[in-house]
Amino acid sequence: MSEAQKQTIDFELVSPERKLVSEPVSMVVIPGSEGEMGVGPGHSSVLSSLNPGIVALYTNNNEEPRKIFVAGGFADVTAEICTVLAEEAIPLEDLKQSEIDQELKDLSEDLGMASEDADKAKIEVRIRVAKAKRRAVTGEAIF
Amino acid sequence: MPSLSDYRDRIASVKSTRKITSAMKMVAASKLRKAQDQAEASQPYARSMAAMMARVAGNISISDSSPKLLAGTGSDQRHLIVVVTADRGLCAGFNTNVVKMARQLTSRLRADGKDVSFVCAGRKGGDLLKREAGDSIWQRFTGIVGKSRVEYADSDKVAQYVLEKFEAGEFDVCTMIYNQFVSVLTQTPTTQQLIPFKMPEEQDNEEKSQAPEGPVSVYTFEPDEQEILKALLPKNISVQIYRAFLDSSAGEQAARMTAMDNATRNAGDMIDNLSLQYNRARQAHITKELIEIISGAEAL
């Protein structure tokens, strides 16, 4: 790096099964558990857990950001690289509202039938994720 | 003495066995490549996870308020051993090596008066341990490896089961035994302690080489170290188990490939041997007939 500030930050999105995205971006917005966080080059080092939500990649200031839905995970940010560990990551355009509504309906039925607390807690987590998905699709999320 | 047709039958049967073993070898070879690719692809996640764990764990000291997954329950009386094997056999010592190691560990722990229970991932491990372990096998998981790819969701089931049992306070220490994939020719049975969390030494070096040069940056943790650690620890266990499955799956195919290669070669040797004996017997038969004819003619 020269004395001039580097204009991009490397962004990596990895799932346990493979590396999904690895490219330089000018800024990335991640859904941190303490609030959304914009990460650009030279960001201070942060380790944060993530809420289910949208990761938005800004490659160029004028372009529409590329949006990817993640169902929680962790982000490891240093000045040069932002690594997001996610178990489930879906490009936003692949999410269909009808499918999510169906999923939500199924899940709430499951919740009604679940008897044990442990099962209920699990289903509630999935509902939270599905709701976040719907917010992402309907654009209720902050962008 | 076996008749000529006996020899012919045996040669035919060994030949078809050879066909099967060589086909199995080729199937294993192609599966091995896929399994290796998959293991490769999962590396970035495991590496980042290890780096994160190192950072967080290096930042806090173990106290009474630390999560139990890190600090332990304060006792080491009840052990749980996760045995990772293949679902199928015909892969030489692959399964037995792991089980042998599990047996050694068990007898050592039992000699110290500890309680030992098992979770068997892979059908073979459960089958081999059934006799001595019996009721202490809590759960058996099958159908995780052996498919075209190891799904994270499947291995996560094992992790969730182990974590649930730990939350319920049913064991203190969890150890995993699996075949580490060293090379196509070598798979080493390896013991890894999952709970309480232990930092593997080798990752220290990796962490250092990954660390950016210059002044060490101070990390901010969101929410805080404890919270992150609480979320990271179960994930880490899940990832470790997933990695063990991937290693085991690649190792299984490699072991099967080697075993089938040997079997094919042995079958070839056997066919050579039998053909030799067959020819000898045929020659002896012809000679005998000739002698009979000649001596019959001489007697006239």
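User: How many residues does the contact take from chain A and from chain B?
Analyst: This is a predicted model. In it, chain A puts 22 residues into the contact and chain B puts in 23 residues.
User: Which elements give two or more residues to the chain A side?
Analyst: Three strands of chain A: E5 (46–58), E6 (66–77) and E7 (81–86). E5(A) gives the most, with four residues.
User: And by class, what is on that side?
Analyst: The side of chain A that touches chain B has nine polar, seven nonpolar and six charged residues.
User: In which sense do E5(A) and strand E6 of chain B pair?
Analyst: Parallel, over three bridges; the partner strand in chain B covers residues 220–222. Ser48(A) stands opposite Glu222(B) in that pairing.
User: New topic, the backbone. Is the peptide bond from Ile195(B) to Pro196(B) cis or trans?
Analyst: That bond is cis, with omega near -10°. Pro196(B) sits in the loop between strand E5 (187–195) and helix H7 (202–210) of chain B.
User: What about phi of Leu90(B)?
Analyst: Phi there is near 55°, a positive value in a residue other than glycine. Leu90(B) is in the loop between strand E1 (78–84) and helix H4 (94–111) of chain B.
User: Where does Ala92(B) lie?
Analyst: Ala92(B) is also in the loop between E1 and H4 of chain B. Its phi is positive too, about 55°, although Ala92(B) is not a glycine.
User: Why does Leu90(B) count as partly exposed?
Analyst: Because Leu90(B) has 15 other C-beta atoms within 10 Å, and buried would take 20 or more, exposed 12 or fewer. Ala92(B) is partly exposed as well, with 16.

Key. Residues numbered from 1 in each chain as written. Chains lettered and ligands numbered in written order. Predicted model: local features only at pLDDT ≥ 70, side-chain atom pairs only at ≥ 80, totals over all residues. Contact = placed C-beta atoms within 7 Å. Nonpolar A, V, L, I, M, F, W, Y, C, P; charged D, E, K, R; others polar. Pairing = 2+ DSSP bridges.
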